[in-house]
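Here is a short briefing for a first look. Please keep the structure open while reading.

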Amino acid sequence: RDGKKWVSFKVKSRTSDEQMTFELPVVRTVEIKRHEADPVYRYSVMLKMRMGHITLDREFTLADRSEFEYPVLIGRNVLSGLAAVDTSRKNTL
């Protein structure tokens, strides 16, 4: 689109059958190294995310997570300087 790479992808809600479709420009292609396997390449996009009262623009790589419980993984680079993780608790902010 206009000489730039764009991607279209869907994210399904964990609590309902609702799907949201996104069309966004590609920020970059990221090489994902895997233990004892060939690397894979993923497109990266900028997404606005909200956790409680905090809204952030962050870069996310795209992967098919339809077989996993969680549609999105939030990495430590997103949480750095903003939050601490207590793995003994669930659904808290």
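The largest nonpolar core has 10 residues: Val7, Phe9, Leu24, Val26, Val45, Leu47, Met49, Leu56, Phe60 and Val78. A nonpolar core is a set of buried Ala, Val, Leu, Ile, Met, Phe, Trp, Tyr and Cys residues joined through side-chain atoms within 4.5 Å. Buried means under 20% relative accessible area, exposed means over 50%, and partly exposed lies in between (1.4 Å probe, protein chains only).

This is a predicted model, in which local features need pLDDT of at least 70, side-chain atom pairs count only at pLDDT 80 or more, and totals for chains, interfaces and linings use all residues. Residues are numbered from 1 along each chain as its sequence is written, and side-chain values use heavy atoms, with hydrogens and water left out.

- E4 gives the most to the core, with 3 residues.
- Strands (E, at least two residues) and helices (H or I, at least four) are DSSP runs, numbered from the N terminus.
- Core residue Met49 touches Ile54, Thr55, Leu56, Phe60, Ile74 and Val78, not counting residues up to four places away in sequence. Contact here means heavy atoms within 4.5 Å.

**The aromatic pair**
- The count comes to 1 aromatic pair. Rings of Phe, Tyr and Trp (its six-membered ring) pair if their centres lie within 6.5 Å; planes under 30 degrees apart count as stacked, over 60 as edge-to-face and the rest as tilted.
- Phe9 and Phe22 form this pair, which is stacked, at 5.3 Å centre to centre and 15° between the planes.
- Phe9 lies in strand E1 and Phe22 in strand E2 (residues 19–25), so the pair ties together parts that are 13 residues apart in sequence.
- Phe9 is buried, at 13% relative accessibility. Phe22 is partly exposed, at 24%.

**Charges over rings**
- Arg1 lies over the face of Trp6, at 4.0 Å from the ring centre.
- The charged end of Arg65 sits over the ring of Phe68, 4.4 Å from its centre.
- A charge sits over a ring if NZ of Lys or CZ of Arg is within 6 Å of the ring centre and within 35 degrees of the ring normal.

**Positive phi outside glycine**
- Asp2 is not a glycine, yet has a positive phi of about 50°. Asp2 sits in the segment before E1 and is exposed, at 78% relative accessibility.
- Glu36, also not a glycine, has a positive phi of about 55°. Glu36 is in the loop between strand E3 (28–34) and E4. The relative accessible area of Glu36 is 73%, so this residue counts as exposed.
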